Amino acid sequence: MTERTARLRPWYLLSPALATITFLLVIPTCFILVYSFWLRTATGADQAGFYLSNWKEVLSDPFYRDILFSTLRIAAITTVICALTGYLPAYFIAMSESRHKSLMLLLVMLPFWISYIIRTMSWINILGTTGALNTLLIDLGIIDQPLSLLYNEPAVILGLVNFLLPFMVLNVYVSLEAIDRNLLDASRSLGASELQSFREVTLPLSLPGLAAGGLLCFVLSAGTYITPVILGGPRNAMFANLVFEAIITQLNWPLGSVLSILLLIVLGAIVILYNRLVGIGQFAKTFG
Amino acid sequence: MTTPTHSVELSGIVKRFGDFTAVERMDLSIEEGSFVTLLGPSGCGKTTTLRMIAGLLDPSEGDIRIRGRSVTAIPIHKRNLGLVFQNYALFPHKTIYDNVAFGLKYRDIPKSEIAGKVQRALDLVQLPDVGSRHPRQLSGGQQQRIALARAIVIEPDVLLLDEPLSALDANLREDMRVELKRIQAQLGITTIFVTHDQSEALAMSDTIVVMSNGHVEQVGGPEDVYVNPTSAFVARFLGNSNLLPARVGAREGDVVPVTVDGFGTIRLPASRCTAVGQSDRATLVVRSENLRLAGDDAPVPGDALALPADVTTVDYQGQAARYFVRIGDKTLQAVNAIEMHPHRQGARVKAIIRGRDCTLVPEERH
């Protein structure tokens, strides 16, 4: 083998993946980027060219900025709740010596078998004015009038947590499962109690999974649009709803493109910053 | 206060996993400062025993005392034991310094003394300058030294070593063997070492506990268990032995005549027959290095049995050779030093067995 072919070999091997990414991700994104500089005329037709008016409108209007911030806030809250509530089942399954470990994992993944939309809509039957929770509370005599539990931000967050929890559980589970049990025995033998061993050994070694799960939850919830549509009120729109509104409802491709690219840039920046702070790569080395 | 002479005492220890009994009624007393090896094939219960002493497993029955204190109900982190694992088990997310200092954090040690103690432990394992590195930056042998430093820095009552050399390659293993023994002797720390490797056991131990199928076969010094096995299992497990079914004759003074079917009668000193009672049948143990092959014209000592043998296989090892020889209908192994040339395959030789080199053990039951 010549030096040249040896040097090019990794690229040959990568070519299927690179081709897929290029055709399905890079090129469509470039189209969207080009669209974002087009102009929508008063007649409703798109005029090709290089116009900055859409960008100016989106960046100057506080409406878009507020929705972006509330989107990021909802995503952050969802992520924290997922981390706190997902760690426990992941820990339980990973540390379990039960023969039914794989069944437990299957149960975690069970919700994926049902459409996300159906799962989200089912909350209406639970939280609605004639839903299960209100009916129960009225029957128990705790309340007289049904509580309005739907169509607000907590309902949106609840729906997102319900959707994203399995991602967190599985990510944390994988990193917990990879921890050498001898490390815990070593820690205990050196004088650490069970709680101290958890804090000193288990928790830090499971951070890569927690970090990966957190990132996944954050990005997926920041990009969601179905949950706020079904469980949110008129004032709970998230950023992806604006994109949907612009492109599908108003057929304003240039505006929708600007919003899409903006969300992409913001989430990309957050991912890079997060990687710097939490150092996913650094943690990955721990297991290398 | 009197100093207890026994550092670790196991009395009537039993460990069952469901229907399976991993350790059967084990009694063992380990003297302060000694190096004791639990030796046996995998599944013999040696690691289970170690884990019970460590507190990683609870015995089903019996009591474990460390320095006179019953620890059976004491959780692992309050037993003050040093534990070293086969796979090192260093904390990958902590520096070497933090690994070694780990156990000191949970003891009443002034912060100002911790650095000094860690440094002394690193000096002891001859890795004084690696404190700021991470475990993955060290070789396997270095990691095991750090694991040892981490275990001894807390000045444990007992050091427990679970096959600590098995993951190392052969040359390193021998270096670490010497190193480990040096550190143990220097600190005078009671050490329990688990291994399936007989040469490690023979080289390092003050006392060897040979185990099989959950029970103790024999306890003794390395030379004692090697030279005077009390069971066919021990004879087979340590070194290389020929085991021959034999008939025991009536004792004549200090001599016991033992007849091997097809070979003839060998006269053993009575001291070599203590493991066998008044039994008629027994097993004669002839170490392969004690089966001497000589030319046809070689002189035969008075108490020896000389048998015509055919060399079937020669395994040349440089300073010695391992031979498989056919005597009657049996194949025996002999390991002899080579004086001039090894015996050739197919050669007819004289196999010489001396009574005082043999040991009589109870007949093997199958």
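Buried residues are those with under 20% relative accessible area. The legends below apply that term to a predicted model.

**Figure 1. A salt bridge between two buried residues of chain B.** The side chains of B:Glu163 and B:Lys46 meet in a salt bridge, with a distance of 3.7 Å from N to O. B:Glu163 is located in the loop between β7 (158-162) and α5 (170-187) of chain B, and B:Lys46 in helix α1 (residues 46-54) of chain B, so the pair ties together parts that are 117 residues apart in sequence. Both partners, B:Glu163 and B:Lys46, are buried.

Figure 2. B:Glu179 and B:Arg182 form a salt bridge whose closest N and O atoms are 3.0 Å apart. The two residues both belong to helix α5 of chain B and are three residues apart, about one turn of the helix. An α-helix has 3.6 residues a turn, so residues three or four places apart point the same way. B:Glu179 has a relative accessible area of 9% and is therefore buried, whereas B:Arg182, with a relative accessible area of 31%, is partly exposed.

**Figure 3. A salt bridge between chains A and B.** B:Lys105 pairs with A:Glu200 in a salt bridge, the closest N and O atoms being 2.8 Å apart. This pair crosses between chains, from B:Lys105 in the loop between α2 (96-101) and α3 (111-124) of chain B to A:Glu200 in helix α9 (residues 194-222) of chain A. B:Lys105 counts as partly exposed because its relative accessibility is 42%, while A:Glu200, at 14% relative accessibility, counts as buried. A network of salt bridges links A:Glu200, B:Lys94 and B:Lys105. Over all chains, a search of the whole structure finds 23 salt bridges.

**Figure 4. A nonpolar surface patch on chain A.** The patch, of about 860 Å², is made by A:Leu103, A:Leu106, A:Leu107, A:Met109, A:Leu110, A:Phe112, A:Trp113, A:Ile114 and A:Ile118. Helix α4 (residues 101-109) of chain A contributes four residues, the largest share of the nonpolar patch. A:Leu103 lies in this helix α4 of chain A. Because its relative accessibility is 47%, A:Leu103 counts as partly exposed. For the chain as a whole, the accessible surface of chain A comes to about 16,300 Å², and 70% of that area belongs to carbon and sulfur atoms.

**Figure 5. The buried residues of helix α11 of chain A.** Helix α11 (residues 239-249) of chain A has as its buried residues A:Phe239, A:Ala240, A:Asn241, A:Leu242, A:Val243, A:Ala246 and A:Ile247. Their cover includes α3 (62-95), α10 (226-231) and α12 (253-278) of chain A. After α11(A) comes A:Leu251, which has a positive phi, near 55 degrees. Among the 288 residues of chain A, 40% count as buried.

Figure 6. Chain A contains 13 helices and two strands. Its C-alpha trace spans about 80 × 75 × 30 Å along the principal axes. Of the contacts in chain A with a separation of 6 or more, 68% are between residues 24 or more positions apart. Chain A has a mean pLDDT of 90, and 96% of its residues reach 70 or more. Over residues 282-288 of chain A, pLDDT stays under 50, and the model has 12 contacts beyond four places in sequence for these residues.

Notes: Residues are numbered from 1 along each chain as its sequence is written. Chains are lettered from A and ligands numbered from 1 in the order in which they are written. Side-chain values use heavy atoms; hydrogens and water are left out. Patches are made of residues with over 30% relative accessible area and no salt bridge: like charges are joined within 9 Å, nonpolar side chains (Val, Leu, Ile, Met, Phe, Trp, Tyr) within 5 Å. Accessible areas come from the Shrake-Rupley method with a 1.4 Å probe; for residues, only the protein chains shown count as cover. A salt bridge is a side-chain nitrogen of Lys or Arg within 4 Å of a carboxyl oxygen of Asp or Glu. Buried means under 20% relative accessible area, exposed over 50%, partly exposed in between (1.4 Å probe, protein chains only). pLDDT is the predictor's confidence in each residue, from 0 to 100. Contact means heavy atoms within 4.5 Å.
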